[in-house]
There are 2 protein chains.
Amino acid sequence: MTASLYAGIDVGGTAIKWMIVDAAGRIEAQGRAPTLRRGVAAQSTAIARRLSDEHPGIAGIGVICPGIVDEAAGRVVYASNLDLDGAALAEDIGGATGIPARLGHDGRAAGIAEGLMGAGRGASSFLMMPIGTGISMAVMLGGRAWAGASYCAGEIGHAPVFPDGETCGCGQRGCLEVYASATGLARRYRDAAGVDVGARGVEERLGSDPIADRVWGTGVHALAVSLTQMTLALDPERIVVGGGLSHAGPRLLDPLRAELADMLRWRRPPGLVAAELGDAAGRWGAAVLGARAAGASCYEAWEPLR
Amino acid sequence: MTASLYAGIDVGGTAIKWMIVDAAGRIEAQGRAPTLRRGVAAQSTAIARRLSDEHPGIAGIGVICPGIVDEAAGRVVYASNLDLDGAALAEDIGGATGIPARLGHDGRAAGIAEGLMGAGRGASSFLMMPIGTGISMAVMLGGRAWAGASYCAGEIGHAPVFPDGETCGCGQRGCLEVYASATGLARRYRDAAGVDVGARGVEERLGSDPIADRVWGTGVHALAVSLTQMTLALDPERIVVGGGLSHAGPRLLDPLRAELADMLRWRRPPGLVAAELGDAAGRWGAAVLGARAAGASCYEAWEPLR
């Protein structure tokens, strides 16, 4: 008898990535394909069917995407630029493969994966904040990934950290993303220095370029303000920083930890650590949802919740 | 046979208030006594014993206090000015009365009560923000009152809404309480106008006194910034404003609703309503905990959670 396998499919704007794992967390296979501009639901279903043909042991499939995802109804409410609005992805995949399937949100799925086998391991609560093109947050509280009343929890990229601050593309002012996303760091350096070096370039210039130091420092300050707000409101055991910017490691985490401790002087700040699963967190989380779709008891704890 | 009764005891800095209710929510008795400066645990236990003597039908007792309350262990970790640090209040009361008892946190208990029978009724998630001398928030998500990893969730009074803003007594700058608590409103008006009229006085001068308009407007703006942060992070179905300042009604809620809608232009703002139970919310919530201590199935939903 073949051991049960679980497939996770992470539908993103650029690529669809998948992973097939067993109950012990061993990776049986993984791969990726460029996301089509149209027909993404059909593309995802075709991938699921091919995986189920090639791996007869698959007992459950999890599929995740960004945007507004109604996990209970198994329906994508809204996914910007992804041609998935209204798609019943799990139902489509279940129908096409005959295998139980479950739909999830990419950020919450990544939070579930970090909680089970990554940087959130052992914490009864944590906030997982991916910082990349944008900034969001998975709200992981007491075994639940909180989705929000309208499945919009964690959209803190446009939270006003500096009211009356710089204008954001969203029309508001002082949004967190303006200062602290990879895009924001690159733009603010470019505006000040006249040259586009990307967020990585800003990071590489730290300590030798005062403009880079200033732009980076303001980004760290914006993150500290936001995380202070979140810590006071939610008192998480841990904060996990992920996304592209987390590769800066101590250059990001050391000053952020110091500022957070300073702003939370009268209480112990939560632990601040880098995410461990990188961009595989999403497909790991999707595979966990696949295991749950199969009714498997491996990968317990951390349920998506509204 | 007498119908079961449940006692709620709300231990506050000024007074200890109690209430005895039945399973249908009818109030059998209520009362209050000034809080002693020392021996508050013994005072609370004596009150519980007296209530249990006078009302033989009491099947469960809930007792609540402010501060840091470990509900699972039934222990007060820290309660500023209340001489209760380390007190095992529920155990004391249970031992003295022979009646099952349960300890809770006053803010979360008030949230539970508003959720069951007040302004949070029917909402699967809401934030309950009492605004008075200070500002805090009960985080009510999917049937749980989130307590936090160290029982400190909801302490948003010192969240930095205007970084680099006015200095707060806590040593930080731009804290929400500086601008929007009753104390803060009164102080900022006094600083500008040279006369102390209290928060109620500021409210009464709205529309006829430009200084009052400005101070009140800044307070509303600070609240809107904080609630925008919280809405983006948690996507609650509803926001319930309580505490002394909620008596301002439309003078507070109308401009706050308008600012919140403006700052959340690209998403629907949560409903914003005034709390309904006033300062009885705490003892109602305590009585609910009493019903749970008794194992009663009335007053379901909304569990304290860490």
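Axes are lines fitted to C-alpha atoms, for helices over the stretch in contact, and angles run from 0 to 180 degrees between N-to-C directions. The model shown is predicted: local features need pLDDT of at least 70, side-chain atom pairs count only at pLDDT 80 or more, and totals for chains, interfaces and linings use all residues. Residues are numbered from 1 along each chain as its sequence is written, and chains are lettered from A and ligands numbered from 1 in the order in which they are written.

**View 1. Packing of helices α7 and α8 in chain A.** Helices (H or I, at least four residues) and strands (E, at least two) are DSSP runs, numbered from the N terminus. The axes of α7 (residues 210-234) and α8 (residues 250-263) of chain A cross at roughly 45 degrees and come within 9 Å. α7(A) is therefore oblique to α8(A); angles under 35 degrees count as roughly parallel, over 145 as roughly antiparallel, 65 to 115 as roughly perpendicular and the rest as oblique. The crossing of α7(A) with α8(A) is right-handed, a crossing being left-handed if the near helix is turned anticlockwise from the far one by less than a right angle, and right-handed if clockwise. From α7(A), Val220(A), His221(A), Leu223(A), Ala224(A), Leu227(A) and Thr228(A) meet Pro255(A), Leu256(A), Glu259(A), Leu260(A) and Met263(A) of α8(A). Eight residues of this contact between α7(A) and α8(A) are nonpolar, two are polar and one is charged. Ala, Val, Leu, Ile, Met, Phe, Trp, Tyr, Cys and Pro count as nonpolar, Asp, Glu, Lys and Arg as charged, and the others, Gly among them, as polar.

**View 2. Packing of helices α1 and α2 in chain A.** α1 (residues 40-54) and α2 (residues 89-97) of chain A have axes 9 Å apart and pack at an angle of about 40 degrees. This makes α1(A) oblique to α2(A), and their crossing is right-handed. Ala41(A), Ser44(A), Thr45(A), Ala48(A), Arg49(A) and Ser52(A) of α1(A) meet Leu89(A), Asp92(A), Ile93(A), Ala96(A) and Thr97(A) of α2(A). By class, the contact of α1(A) with α2(A) holds five nonpolar, four polar and two charged residues.

**View 3. Packing of helices α3 and α9 in chain A.** The axes of α3(A) and α9 (residues 281-293) of chain A lie 7 Å apart, at an angle of about 85 degrees. The two helices, α3(A) and α9(A), are therefore roughly perpendicular to each other. Among the contributors from α3(A) are Asp106(A), Ile112(A), Glu114(A) and Met117(A), and those from α9(A) include Trp284(A), Val288(A) and Leu289(A). The contact of α3(A) with α9(A) comprises eleven nonpolar, two polar and two charged residues.

**View 4. Domains 1 and 2 of chain A.** Domain bounds come from an automatic or database domain assignment, which gives domain 1 (5-110 + 279-305) and domain 2 (123-276) in chain A. Taken over C-alpha atoms, the centres of the two domains of chain A are separated by 28 Å. In chain A, 15 residues of domain 1 are in contact with 15 residues of domain 2; two residues are in contact if their C-beta atoms, placed from the backbone, lie within 7 Å. On the domain 1 side of this contact in chain A, β5 (68-70), α3 (106-117) and β13 (303-305) each supply at least two residues. That side of domain 1 of chain A divides into nine nonpolar, two polar and four charged residues.

**View 5. The contact between chains A and B.** Each chain is represented in the contact, with 39 residues from chain A and 39 residues from chain B. On the side of chain A that touches chain B, β9 (138-141) and α7 of chain A each supply at least two residues. The largest share of that side, seven residues, comes from α7(A). The side of chain A that touches chain B has 22 nonpolar, eleven polar and six charged residues. The copies meet through the same surface, because 100% of the interface residues of chain A are also interface residues in chain B.
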